Amino acid sequence: MGNITVAELAKLLDSEFIGNGDFVVEGMNSLLDAKENDASFIVSDKFRNLLNKTKANVILAPIVLKGMLPDIKTYIYCAQPNVTFAKIVKLFAPHPPEYQPGIHPTAIISDGVSIPDSCHIGPNVFIGKGTIIGENTKILFGNFIGENTRIGKNCFFYPNCVIRERIVIGNNVIIHPGVCIGSDGFGYEAGPAGIVKIPQVGIVRIDDDVEIGANCAIDRARFGVTWIKSGVKIDNLVHVAHNVEIGESTMLIAQVGVAGGSKIGRGVVLAGQVGISHGLNVGDGAKVGGQGGVFEDVPAGKSWMGCLAEPVKDFVERSMLPGKFKKLAARVLKLEGANRTYQDEPTKTEK
Amino acid sequence: MGNITVAELAKLLDSEFIGNGDFVVEGMNSLLDAKENDASFIVSDKFRNLLNKTKANVILAPIVLKGMLPDIKTYIYCAQPNVTFAKIVKLFAPHPPEYQPGIHPTAIISDGVSIPDSCHIGPNVFIGKGTIIGENTKILFGNFIGENTRIGKNCFFYPNCVIRERIVIGNNVIIHPGVCIGSDGFGYEAGPAGIVKIPQVGIVRIDDDVEIGANCAIDRARFGVTWIKSGVKIDNLVHVAHNVEIGESTMLIAQVGVAGGSKIGRGVVLAGQVGISHGLNVGDGAKVGGQGGVFEDVPAGKSWMGCLAEPVKDFVERSMLPGKFKKLAARVLKLEGANRTYQDEPTKTEK
Amino acid sequence: MGNITVAELAKLLDSEFIGNGDFVVEGMNSLLDAKENDASFIVSDKFRNLLNKTKANVILAPIVLKGMLPDIKTYIYCAQPNVTFAKIVKLFAPHPPEYQPGIHPTAIISDGVSIPDSCHIGPNVFIGKGTIIGENTKILFGNFIGENTRIGKNCFFYPNCVIRERIVIGNNVIIHPGVCIGSDGFGYEAGPAGIVKIPQVGIVRIDDDVEIGANCAIDRARFGVTWIKSGVKIDNLVHVAHNVEIGESTMLIAQVGVAGGSKIGRGVVLAGQVGISHGLNVGDGAKVGGQGGVFEDVPAGKSWMGCLAEPVKDFVERSMLPGKFKKLAARVLKLEGANRTYQDEPTKTEK
């Protein structure tokens with residue numbers, strides 16, 4: 001977009017400003033990384049001391065702070081500065097690559113495929129027979145889409161993904177590079193002649209507004225469906241096993257793994273590298289801290305953490321044991337009438 | 001296949017049935033997900049209460065339960081209902097995609113490559129010079145196969161994998177999308193002029209009946225061989241470092257990582273997200289629980305778990321310390337003659 | 001290269017040898033895997049007992065051990081036998097695949113791309129408009145390079161990677177198969193109408209001599225830069241989130257995850273499966289043990305480990321609690337005048 005004055009920006013945002021309306025904003029950045037001609041934002045009064053440190057001369061600030069901030073910057077007031085900021089940062093960003101409607105001549109389209117004219121199908125894409133794609137969907141370079149798969153409107157698939165057969169994908173779904181959807185679930189059974197692979201004949205269903213990070217793997221169901229519900233956001237390198245269900249607007253941060261058949265509620269947050277064992281329920285709104293290992297059901301609304309995850313309260317109690325132990329040992333020493341004080345006990349013989 | 005009567009199904013399975021032989025089975029599903037016209041299965045008497053809950057009217061049941069199950073369903077008796085079920089579920093599943101013999105015109109085949117007529121080589125596949133492929137092997141879209149690699153019979157490689165040079169792969173090997181086999185091991189040495197990359201000139205050898213999940217990475221050896229032995233099953237997003245050996249029929253669940261030079265025995269199970277440090281031995285038949293961090297050898301047949309994994313018995317002891325500590329602290333209080341009872345001690349000063 | 005005599009090899013290395021100069025070396029291997037005609041190496045006196053076990057007849061040994069090793073082998077003396085070994089192992093390895101200069105006819109090169117004649121651009125590669133590539137860089141099969149990206153000299157990109165738009169990559173960078181660089185950071189904000197995706201308009205900058213393992217994912221910055229500094233080595237399946245900075249010569253072992261905005265110093269080692277929470281600082285030269293979960297800043301030069309990582313000393317103290325607890329409980333029993341000795345207390349009622 002290029003440059004814009006404070007007055008123009010405030011008008012665009014239907015907001016009030018206090019300060020220099022002619023000042024030209026050239027970019028957007030965080031408070032600490034901003035340069036003099038950047039605009040930045042402050043979410044709450046808690047960060048007001050950063051106003052002395054930032055080089056940004058223009059600050060989006062919450063309406064509730066109007067008149068309460070130091071006179072050293074030009075302020076544009078809005079209800080949610082972070083959300084407004086997210087919207088307008090695009091104005092200053094370089095144009096994103098454009099993917100025009102059309103099917104690249106190197107794309108391989110099988111029989112019975114339905115692709116509206118509004119779609120972009122990039123170079124070296126393969127689309128299997130009977131697959132149906134919605135309006136305005138963009139499938140970039142090197143994607144493999146299996147047969148009889150259904151993809152909704154306004155989806156965006158980055159390069160080199162593999163979406164296997166009979167997958168059902170809703171609208172506005174974003175899939176980052178290298179993702180695999182619909183791989184066989186990990187299922188074997190001990191038969192008389194050794195390990196037997198259990199056929200994985202189910203599907204994956206992905207509802208509207210889901211986003212899936214780079215190099216994730218989401219397995220198809222044994223039978224039935226592995227189901228990622230609307231608004232779920234999945235970070236990079238996440239594993240979702242067969243027959244898992246993930247509720248609306250849940251977030252799986254990077255490298256999370258969810259084992260077979262577990263049901264994750266809506267509005268759940270699983271932090272980075274969390275593992276959920278198989279066949280569990282994680283209730284609506286629950287949170288599990290980074291690297292948590294979940295081996296039993298997590299009740300709705302609860303926060304758990306730790307290797308063999310447990311309620312945060314129990315985790316904290318466990319974490320403080322070494323300190324408590326030292327104190328107790330000192331008291332025992334005293335009771336024993338010893339005239340030495342407790343120090344670290346000899347430990348070599350203990351193991 | 002479509003629909004089939006109970007009598008026809010029992011005949012197909014060479015099994016006896018009790019109940020309505022004319023009932024038409026339309027699909028197969030698990031007890032809890034089945035609809036009225038589905039068949040399902042019960043593994044043992046332990047699950048008999050589910051018979052009241054399932055909608056399925058036809059149940060595969062173990063012969064040993066003949067005559068012992070409630071009169072509310074039609075039963076087909078077999079030795080191992082789960083194994084039988086796995087076989088016949090295919091009959092009701094949609095036909096899997098078919099990959100006909102032949103080499104797609106967009107595939108790039110280098111000099112000196114040997115590909116039998118029975119093979120399927122998909123679109124946009126690259127095969128490097130001197131590579132030899134066995135009968136009936138299917139290599140789907142977008143695979144890169146390096147030079148002088150050997151691939152056995154009846155293998156199935158899903159799209160977009162990278163198999164580098166001089167890899168040796170046996171028969172009946174299944175490789176899911178996005179897998180990399182033969183990447184350089186992670187090896188560096190501090191030289192006088194900084195960090196020096198150690199050449200990784202070894203290979204990867206993968207024996208018969210191995211299956212490797214989506215987006216796994218298996219490094220070639222420094223020299224010698226990274227060796228995945230027959231019947232090993234590897235789930236998604238697993239990392240196998242250089243010079244690792246994995247014994248027959250061992251299972252690595254999703255997101256496991258095995259560091260350089262470790263030897264995993266046969267029949268081992270490493271649960272999800274387990275990490276094995278470098279140069280260790282995990283004995284035959286050992287099991288490590290989810291997220292276990294293994295920093296010392298695990299003896300054959302033992303079950304370990306925990307961050308800094310240890311025998312399950314030790315892990316349980318450690319887990320119960322907070323409860324035990326409270327009781328002991330209460331006893332110390334009593335010995336001290338205090339007239340207050342033990343409650344959570346003040347903790348703020350302890351850290 | 002083929003075979004070489006000990007005398008020729010010593011001359012090539014400008015080194016002295018003691019033993020049979022006419023002995024023909026046919027390969028290189030580790031002490032334990034070597035065959036009779038292989039050369040191997042010993043790093044220090046600590047491993048001298050392996051000289052009795054190895055079949056290798058020729059040993060590279062440190063100069064400081066000259067004359068001190070048993071008379072059963074031929075020795076070639078050098079300052080750093082491991083480094084020398086790494087150099088000469090290439091002489092005996094099969095020739096690596098050769099990627100000749102030129103652009104494969106199936107490659108798709110957009111407008112305004114700059115590719116020197118010395119580069120190799122493999123089959124099915126896509127290069128977006130305005131992208132600039134340095135001398136001698138090799139981009140193998142199936143890579144997608146976005147628009148306005150800059151790639152330096154002597155880089156080597158293995159097949160099927162995705163490098164998005166506006167990425168900046170230095171010289172001598174090696175990228176293994178399936179890597180994604182420049183995917184959107186994981187950023188959302190709760191707006192009035194639900195979860196809003198925060199635009200990720202920044203870039204990724206990768207400096208000289210970086211190596212990135214198979215199937216890694218490195219996110220672009222929200223704005224500004226995700227920055228991997230020179231000499232950083234990244235193993236397989238690593239996740240680097242938006243706005244992360246990684247200092248010179250730092251090593252991230254397999255399956256590490258670094259959350260958004262964290263700054264990792266120079267010369268740091270994060271062992272396998274370590275997770276670093278967001279917004280943290282890990283000081284220069286710090287080390288975190290395998291699976292460590294880092295939730296607070298790690299001071300420079302310190303070694304931390306454990307789930308909820310902590311200084312190694314604290315971790316060890318915590319690990320020894322079960323043993324110490326037993327001893328203390330026995331002493332309390334004695335103080336109580338009990339005539340039974342401490343054994344495992346009944347535990348069923350404790351939870």
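Trainee: Which residue forms a salt bridge with Glu211(C)?

Mentor: This is a predicted model, in which local features need pLDDT of at least 70 and side-chain atom pairs count only at pLDDT 80 or more, while totals for chains, interfaces and linings use all residues. Residues are numbered from 1 along each chain as its sequence is written, chains are lettered from A and ligands numbered from 1 in the order in which they are written, and side-chain values use heavy atoms, with hydrogens and water left out. A salt bridge is a side-chain nitrogen of Lys or Arg within 4 Å of a carboxyl oxygen of Asp or Glu. With the closest N and O atoms 2.7 Å apart, the partner of Glu211(C) is Lys197(B).

Trainee: How many salt bridges are there between chain C and chain A?

Mentor: One pair to look at is Glu211(A) with Lys197(C), at 2.7 Å from N to O. Between chain C and chain B the count is three. Across the interface of chain C and chain A, the number of salt bridges is three.

Trainee: How far apart in sequence are the parts that Lys263(B) and Glu245(B) tie together?

Mentor: These two residues form a salt bridge, and their closest N and O atoms are 3.8 Å apart. Lys263(B) belongs to strand S32 (residues 263–264) and Glu245(B) to strand S29 (residues 245–246), so the parts joined are separated in sequence by 18 residues.

Trainee: Which three residues supply 13% of the area that chain C buries against chain A?

Mentor: Contact means heavy atoms within 4.5 Å, and here it takes 62 residues from chain C and 66 residues from chain A. Buried area is the accessible area (1.4 Å probe) that two parts lose on being put together, summed over both. Between these chains it is about 5,000 Å², with 65% from carbon and sulfur atoms. More than any other three residues, the 13% share comes from Phe186(C), Phe223(C) and Arg331(C).

Trainee: How is H3(C) oriented to H4(C)?

Mentor: Helices (H or I, at least four residues) and strands (E, at least two) are DSSP runs, numbered from the N terminus; axes are lines fitted to C-alpha atoms, for helices over the stretch in contact, with angles from 0 to 180 degrees between N-to-C directions. In chain C, the axes of H3 (residues 312–319) and H4 (residues 321–335) come within 5 Å and cross at roughly 45°. Angles under 35 degrees count as roughly parallel, over 145 as roughly antiparallel, 65 to 115 as roughly perpendicular and the rest as oblique. The orientation of H3(C) to H4(C) is therefore oblique.

Trainee: How many residues of the contact of H3(C) with H4(C) are charged?

Mentor: H3(C) brings Glu317(C), Arg318(C) and Ser319(C), and H4(C) brings Leu321(C), Pro322(C) and Lys324(C). Ala, Val, Leu, Ile, Met, Phe, Trp, Tyr, Cys and Pro count as nonpolar, Asp, Glu, Lys and Arg as charged, and the others, Gly among them, as polar. Two residues of this contact are nonpolar and one is polar, while the number of charged ones is three.
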